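Dear colleague,

I am passing on a structure that I would like you to look at, and my notes on it follow below. Please read them with the model open beside you.

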Amino acid sequence: MSSILRFLLFMVSIFTFLYMVRKLRKEQLQILDTLFWFVFIVVILLMSIFPKGVMVLTEIIGVQSSVNFVFLVIIFFLFIRCFLLTIRVYRLESNFQRFVEEYAVRKNIEESMSK
Amino acid sequence: MQSDILLIIPAYNEELNIVKVVENIINNYSQYDYVVVNDGSCDQTRDLCIKHNFNLIDYPVNLGLAGAVKGGMIYAKYCGYKYVMQYDGDGQHNPDYISDMISMAREENADIIIGSRFVTKKKSWHFRMLGSRIIGFCIQLTTRQKIQDPTSGMRLYNQKAINILSGLENYSPEPDMIAHFIQCNLKVRECQVSMMERMAGESYLNVANSIKYMLNVCFSILIVQWFRKRVH
């Protein structure tokens with residue numbers, strides 16, 4: 001891994017962390033999501049600080065270069081994030097649907113009772 | 001509205017307990033107002049409350065304990081209650097201690113009173129109390145205040161706390177909120193109470209949920225709450 005890449009990874013983690021803190025202060029981020037992004041930032045930070053560790057892992061797994069390993073890790077995180085979001089969206093859609101159905105039916109019953 | 005004090009009774013699938021719990025309040029503790037918040041139960045909870053003419057806020061969808069309590073808080077704010085108490089719908093809380101908590105709130109001008117099982121009694125070293133100890137330690141680490149029973153759901157909030165809790169999105173009635181409130185210089189005190197065992201039905205905390213819960217709460221107390229904007 002080149003020093004420039006390490007430096008970039010380091011800066012990106014720091015800035016993402018600061019941005020996350022800002023969003024948190026403005027109450028715009030859920031606490032549970034923060035855990036995920038926090039772990040992500042720590043992993044990127046560790047990779048930028050310990051390139052030897054990354055090289056060891058790269059050899060064990062059989063990836064050709066450390067850079068590719070870094071990409072793999074990031075893609076993996078995004079993959080998990082995407083999957084978790086899918087679950088969350090599905091739950092939101094079901095809840096919304098259920099809410100609409102219940103609300104409409106109850107409104108009908110209330111109105112017919114008040115007539 | 002007949003009283004300054006509102007009991008918020010969040011209920012999710014509590015058909016086995018809810019009638020006993022609410023009738024106990026109506027018959028024996030009529031000095032307190034109450035509201036049942038049905039959190040989208042899929043059992044007979046809603047029907048029972050309607051049949052017995054209970055004061056009911058009825059959610060068509062399940063939002064979780066945080067959402068249910070928040071609804072009660074919004075109701076309290078609109079009606080202008082001076083004190084609000086979170087009272088569990090499973091019959092574990094003992095209404096005898098409510099007056100103690102209110103006197104303590106008035107005397108010490110506290111914003112939040114936690115009905116704690118361990119002010120004068122010692123906590124057992126049972127495995128179930130391990131979580132409580134860990135959370136208490138996290139709170140002490142970040143706020144220097146010792147909370148003996150941080151997971152107690154029996155809490156009394158004054159109007160200042162009601163306004164904060166009903167207004168903002170991320171607040172929930174969990175131990176990490178206690179840590180945050182202490183850091184905002186709100187007065188949090190504990191009052192000795194005793195609680196009864198759950199009457200019927202099952203609690204939602206099994207092993208997997210407990211570990212997830214502990215992880216979230218400890219992470220929230222130790223890291224997130226440092227950065228939150230301090231609300232005064």
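This is a predicted model, in which local features need pLDDT of at least 70 and side-chain atom pairs count only at pLDDT 80 or more, while totals for chains, interfaces and linings use all residues. Residues are numbered from 1 along each chain as its sequence is written, chains are lettered from A and ligands numbered from 1 in the order in which they are written, and side-chain values use heavy atoms, with hydrogens and water left out.

I begin with chain A. Leu46(A) has its place in helix α2 of chain A, where helices (H or I, at least four residues) and strands (E, at least two) are DSSP runs numbered from the N terminus. Leu46(A) counts as partly exposed because its relative accessibility is 42%, given that buried means under 20% relative accessible area, exposed over 50%, and partly exposed in between, with a 1.4 Å probe and protein chains only. Leu46(A) belongs to a nonpolar patch on the surface, together with Phe10(A), Ile14(A), Phe15(A), Leu18(A), Val42(A), Ile49(A) and Phe50(A), and these residues have about 710 Å² of accessible area together. The elements that give two or more residues to this patch are α1 (3–25) and α2 (31–49) of chain A, and α1(A) gives the most, with 4 residues. Patches are made of residues with over 30% relative accessible area and no salt bridge, like charges being joined within 9 Å and nonpolar side chains (Val, Leu, Ile, Met, Phe, Trp, Tyr) within 5 Å; accessible areas come from the Shrake-Rupley method with a 1.4 Å probe, and for residues only the protein chains shown count as cover.

Tyr90(A) has its place in helix α4 (residues 66–114) of chain A and is exposed, with a relative accessible area of 59%.

Turning to the charged pairs, the structure holds 7 salt bridges over all chains, a salt bridge being a side-chain nitrogen of Lys or Arg within 4 Å of a carboxyl oxygen of Asp or Glu. Glu102(A) forms one of them with Arg106(A), the closest N and O atoms being 2.9 Å apart, and because the two residues are 4 residues apart in helix α4 of chain A, they are separated by about one helical turn. Glu102(A) counts as partly exposed at 24% relative accessibility, whereas Arg106(A) is buried, with a relative accessible area of 19%. Arg106(A) also meets the side chain of Asp58(B) in a salt bridge (2.5 Å, N to O). That pair crosses between chains, from Asp58(B) in strand β3 (residues 56–59) of chain B to Arg106(A) in helix α4 of chain A, and both Asp58(B) and Arg106(A) are buried.

Within chain B, the side chains of Arg117(B) and Asp149(B) meet in a salt bridge (2.9 Å, N to O). This pair links distant parts of the chain, with Arg117(B) in the loop between β5 and α5 and Asp149(B) in the loop between α5 and β6, 32 residues apart. Arg117(B) is partly exposed, with a relative accessible area of 25%, while Asp149(B) counts as buried at 0% relative accessibility. Salt bridges that share partners join Arg98(A), Glu102(A), Arg106(A), Arg46(B) and Asp58(B) into one network.

Of the helices of chain B, α7(B) is mostly covered, 9 of its 9 residues being buried, and α7(B) is followed by Asn185(B), whose phi is positive, near 65°. Thr143(B), in helix α5 (residues 128–143) of chain B, is buried, with a relative accessible area of 15%, and touches Ala179(B), Ile182(B) and Gln183(B), not counting residues up to four places away in sequence, where contact means heavy atoms within 4.5 Å.

With best wishes
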